[in-house]
Amino acid sequence: MPVEITWWGHATCTVEDSGVRLLTDPLFAGRLAHLRRRRGALPPPEAAEADVVLVSHLHADHMHLPSLARLAPGTRLLVPDGARRAVPGLARIAGRRELAVTEVVAGQEVSVRDGVRVRAVSARHDGRRLPFGPHRSPALGYVVHGAAATYFAGDTGLFPAMAEEVGPVDVALLPVGGWGPYLGPGHLDAARAADALASLAPAAAVPVHYGTYWPIGMDAVRPHEFHAPGEEFVRHAARLAPKVAVRLPGHGERVSVP
């Protein structure tokens with residue numbers, strides 16, 4: 001049974017495996033602070049329908065509280081350890097929406113239903129809520145184990161033990177860009193994401209985290225960093241991991257993998 005992936009933009013994807021819907025880092029806003037959605041229509045209401053939501057880290061473009069407030073009552077939410085303490089608004093929304101919040105650490109595995117389970121893995125990224133302040137919560141990735149094994153990397157830099165920690169996977173959802181003209185440490189660009197792909201060696205890959213949000217007033221600053229990462233990843237992957245089938249969906253497009 002193939003896994004179906006819908007890319008809604010940025011790091012937001014719906015992963016459907018064995019009848020279970022998992023949603024990654026939901027961000028359904030037209031604008032977030034200084035960022036504006038520049039490509040792709042806002043996701044429709046059904047994008048917020050999920051059995052389980054996976055939040056990789058606490059940055060506002062990944063743990064977006066207004067988007068979490070759109071989830072149906074009873075939705076299960078996996079977040080990094082310490083998230084409720086670091087983001088008080090999370091507890092308020094979870095209580096109001098009756099969300100079932102579970103804090104997890106790297107290496108922890110959570111059973112979902114119908115034989116589907118989720119395992120948290122580490123990421124190399126600054127996971128705190130704000131750019132400044134104490135590190136109260138780690139950044140994570142997740143591996144969904146069902147009919148296939150699907151790795152959602154969240155935000156991460158490349159690190160030597162990545163493939164060993166993630167383990168064998170069938171599908172990799174890898175970040176290949178960002179929301180500004182320059183990527184800081186703890187991120188993958190298209191070339192480094194292809195290096196990660198060669199190490200992970202899945203059957204299929206989908207590039208995410210690019211081509212959606214951009215700072216207001218900076219359209220003319222390194223615009224290729226907004227438009228090009230997806231196609232650049234395809235090109236690098238063809239050279240470094242030629243056996244991997246790379247799918248390049250548009251915003252809102254659903255693809256079956258592997």
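Me: Strands are DSSP runs of E, at least two residues in length, and are numbered from the N terminus. With that in mind, where in this predicted model is D114 found?

Reply: The model is a predicted one, and in it D114 is found in the loop between β9 (109-113) and β10 (116-122). D114 has a positive phi of about 55° although it is not a glycine.

Me: Is D114 buried or exposed?

Reply: Exposed means a relative accessible area over 50%. D114 has 54%, and therefore counts as exposed.

Me: Which loop holds D25, and is D25 buried or exposed?

Reply: D25 belongs to the loop between β3 (20-24) and β4 (31-32), and has a positive phi of about 35° without being a glycine. Buried means under 20% relative accessible area, so D25, at 0%, counts as buried.

Me: How should I read the aromatic pairs, and how many are there?

Reply: The general idea is to look at the distance between ring centres and then at the angle between the planes, where under 30 degrees counts as stacked and over 60 as edge-to-face. The count comes to 2 aromatic pairs. One of them is formed by W7 and Y210, which are stacked, with 5.2 Å from centre to centre and 15° between the planes. This pair links distant parts of the chain, since W7 lies in strand β1 (residues 3-9) and Y210 in the loop between β14 (204-208) and β15 (213-215), 203 residues apart. W7 is buried, at a relative accessible area of 1%, and Y210 counts as buried at 6%.

Me: What is the geometry of W214 and F226?

Reply: Their ring centres are 5.5 Å apart and their planes stand at 75°, so the pair is edge-to-face. It joins W214 in strand β15 to F226 in helix α6 (residues 224-227), 12 residues apart. W214 counts as buried at 3% relative accessibility, as does F226 at 6%.

Me: Which residue lies over the face of F159?

Reply: That residue is R124, at 3.9 Å from the ring centre.

Me: How do I follow strand pairing around β7, and which strands pair with β7 in the parallel sense?

Reply: One follows the bridges from strand to strand, and at least two are needed for a pair. Strand β6 (residues 52-54) runs parallel to β7 and is joined to it by 3 bridges, while β7 and strand β8 (residues 100-104) pair in the parallel sense over 5 bridges. R76 in β7 is the bridge partner of V52, and A100 in β8 is the bridge partner of R76. Strand β7 (residues 76-80) is mostly covered, with 4 of its 5 residues buried.

Methods. Residues are numbered from 1 along each chain as its sequence is written. This is a predicted model: local features need pLDDT of at least 70, side-chain atom pairs count only at pLDDT 80 or more; totals for chains, interfaces and linings use all residues. Side-chain values use heavy atoms; hydrogens and water are left out. Rings of Phe, Tyr and Trp (its six-membered ring) pair if their centres lie within 6.5 Å; planes under 30 degrees apart count as stacked, over 60 as edge-to-face and the rest as tilted. Buried means under 20% relative accessible area, exposed over 50%, partly exposed in between (1.4 Å probe, protein chains only). A charge sits over a ring if NZ of Lys or CZ of Arg is within 6 Å of the ring centre and within 35 degrees of the ring normal.
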